[in-house]
Amino acid sequence: MTVGGTAYDSTVAALRAAGCVFAEEEARILLDFAHDDTHLTQMLGRRVGGAPLEHIVGSVDFYGLRIHVGDGVFVPRVRTEALVRAALDHVTSSATVLELCCGCAGVAAAIATNSDATVYATDIDDDAVACARRNLAPDRVFSGDLFGGLPDHLLGQCDVVVANAPYVPTREVEFMPPEAREHEPRRSLDGGEDGLDLHRRIAVDAPWWLADDGTVVLETSRKQAATTEKILQHNGFDTTVLRDRTVDGTVVVGTIRPRL
């Protein structure tokens, strides 16, 4: 539909009344994706009701790509572009890359698009796996708990393991925006008591799947970065903390120490 005019003005007004901070931008997106007035009314009703805009239109802009994201699937945040940049710094043309806890596989798709690497992804959630297979080659997406569903041929062959694993402490999930709490899977948000349960599991298991000099790249928060770093160090990694202020992202990079 054409942006502007009565439809645009009324959509902006409805979004503002619902408390949407970026009402004008969201109105333009809704009108862009609307097939007709009826479809616009349906989408606007869902947005006013609290559904994430990305679930409503079925996609999200991420790292210059339009990534499919279905209902009930974690939506990639802008800050996670820092994770992509950090991973790409360690990706060569012959690299094998694995994204854990991939959700819609936005990170994997961005790395595949911006490199010649062979990229795989995996997630425990069936809806996420189905969604990821629309953004990455279907035969490169697996279902399982972290490394649990991967084929044996990847053992010791991954040059880069990248993950935006859930890192919100359990007690803090209730303070997240309703869009996340009510429309994204709890297990895609809740990282356990201190938020770093998945980081511990990844650090323990990753060495079996990494090639020599392989690298783990984990998204974390500023206040958790030091602990994530210690977790990786304890499991045989040399680490670096990266802060990307342009997107307010924090990443810990761990390179496996030489095996004796």
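Colleague: What should I know before I start?
Modeller: The model is predicted, so local features need pLDDT of at least 70, side-chain atom pairs count only at pLDDT 80 or more, and totals for chains, interfaces and linings use all residues. Residues are numbered from 1 along each chain as its sequence is written, and side-chain values use heavy atoms, with hydrogens and water left out.

Colleague: OK, rings. How many aromatic pairs does the count come to?
Modeller: Two aromatic pairs. The rule takes rings of Phe, Tyr and Trp (its six-membered ring) with centres within 6.5 Å; planes under 30 degrees apart are stacked, over 60 edge-to-face, and the rest tilted.

Colleague: How far apart are the ring centres of Tyr120 and Phe142?
Modeller: Their centres are 6.0 Å apart with the planes at 25°, so that pair is stacked. Tyr120 sits in strand S4 (residues 118-123) and Phe142 in strand S5 (residues 141-143), so the pair ties together parts 22 residues apart in sequence. Helices (H or I, at least four residues) and strands (E, at least two) are DSSP runs, numbered from the N terminus.

Colleague: Are Tyr120 and Phe142 buried or exposed?
Modeller: Both are buried. Buried means under 20% relative accessible area, exposed over 50%, and partly exposed in between (1.4 Å probe, protein chains only).

Colleague: Which residue lies over the face of Tyr120?
Modeller: Arg140 does, at 5.3 Å from the ring centre. For that, NZ of Lys or CZ of Arg has to be within 6 Å of the ring centre and within 35 degrees of the ring normal.

Colleague: And Phe147 and Trp209, what are their distance and angle?
Modeller: That stacked pair has 5.7 Å centre to centre and 10° between the planes. Phe147 is in the loop between S5 and strand S6 (158-163), while Trp209 is in helix H9 (residues 197-209), so the pair links parts 62 residues apart in sequence. Phe147 and Trp209 are both buried.

Colleague: Switching to helices. Which residues are buried in helix H7?
Modeller: In H7 (residues 126-135) they are Ala128, Val129, Cys131, Ala132 and Asn135. They cover an arc of only 165° around the axis, which puts them on the same side of H7. The arc is taken from the directions from the helix axis to the C-beta atoms.

Colleague: What's on the face of H7 turned away from that?
Modeller: The exposed residues Asp126 and Arg134.

Colleague: Last one: how much space lies in the largest pocket?
Modeller: About 860 Å³. The largest pocket is lined by 27 residues, with Glu26, Leu53, Glu54, Val75 and Glu179 nearest its centre. A pocket is an open set of points on a 1 Å grid over the protein atoms alone, where a 1.4 Å probe fits, with protein on both sides within 12 Å along at least five of seven lines; lining residues have an atom within 4 Å of a point. The volume is the space filled by probe spheres set on the points, which are joined across faces, edges and corners.

Colleague: Which element gives the most to that lining?
Modeller: S1, with four residues.
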